[in-house]
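Subject: Structure handover

Hello,

Here is the structure I promised to pass on. Please open it first, then read the notes below.

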Amino acid sequence: PFLLGGVFALVTGVRGLARSERGRFALDRLLLDLPVIGGFKRNLALSRFARNFAGDPKVHVPVLYASHSSEAVLTMEFVRGIKARDIAELDAAGIDRKALAADGVEFCLRQVFEDGFFHADPHPGNMFVQPYEDGDFSINVVDFGMVGTLSPQLRAQLREMFLGVATRDAPRVVKAIDNAGWLLPTADRRRCRAVRPRCGRERPA
């Protein structure tokens, strides 16, 4: 599975649990451009995505035929491939699944932490794996009707948050969440920092 789908699901899920309009508004900043619907904006999203991944042999963005596109019609290159969840087809095509997983994670993290512009609907119907005769492959990305943007400041706090989770540093996670504006002024920060993160396997004492 692609990491961004999990990030998007987490943020939208937390937004649904927000107890105030202020809290929901804070989370909406992460989903600034979501959803982006309409031919013109979809063209812009596709073009920006193509620029971000230009020259990357592992990611293929369909060519946009602007002369045949309009507000109502988006005309782009037809792409083929295997759905990322179709294990049998991937194996039959000789795709190295570990390499695919690593490339998929890099593809997602780059969008969040480097570009600040991400595909927010990365389900298997929008992500295809194109095998090549030499055993290599590329990830073909389609459907740019739902994208999101992240400010440099928010990207910095997300980095801190993920590093805090990885090192099981609850105060670091809480500080990042607070700096991102996701904690209410009335939240008990000391109590939040006392929570022991539970992620992955327990380390031996």
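Two strands count as paired if DSSP finds at least two bridges between them. Helices (H or I, at least four residues) and strands (E, at least two) are DSSP runs, numbered from the N terminus. This is a predicted model: local features need pLDDT of at least 70, side-chain atom pairs count only at pLDDT 80 or more, and totals for chains, interfaces and linings use all residues. Residues are numbered from 1 along each chain as its sequence is written, and side-chain values use heavy atoms, with hydrogens and water left out.

**The sheet.** β4 and β5 pair in the antiparallel sense, over five bridges. Phe128 has Asn140 in β5 as its bridge partner. The open sheet has four strands in the order β1-β5-β4-β2, with mixed pairing. β1 (59–60) and β2 (82–83) are at the edges with a single partner strand each, so one side of each has no neighbour in the sheet. Gly135 is found in the loop between β4 and β5.

**The cores.** A nonpolar core is a set of buried Ala, Val, Leu, Ile, Met, Phe, Trp, Tyr and Cys residues joined through side-chain atoms within 4.5 Å. Buried means under 20% relative accessible area, exposed over 50%, and partly exposed in between (1.4 Å probe, protein chains only). The largest core has 20 residues; Phe49, Leu100, Phe107, Val141 and Phe144 have the most contacts inside it. α3 (39–52), α5 (97–115), β4 (127–131) and β5 (137–141) each give two or more residues to this core. A second, separate core has eleven residues, including Phe118, Leu154, Leu158 and Ala176.

**The aromatics.** Rings of Phe, Tyr and Trp (its six-membered ring) pair if their centres lie within 6.5 Å; planes under 30 degrees apart are stacked, over 60 edge-to-face, and the rest tilted. There are six aromatic pairs. In one, the rings of Phe53 and Phe107 have centres 5.3 Å apart and planes at 50°, so the pair is tilted. Phe53 is in the loop between α3 and β1 and Phe107 is in helix α5, so the pair ties together parts 54 residues apart in sequence. Phe53 and Phe107 are both buried. One aromatic cluster is formed by Phe49, Phe53, Phe107, Phe117 and Phe144.

**Helix α7.** In α7 (residues 170–179), Ala170, Val173, Val174 and Ala176 are buried. Gly181 follows α7 and has a positive phi, near 85°.

Best wishes
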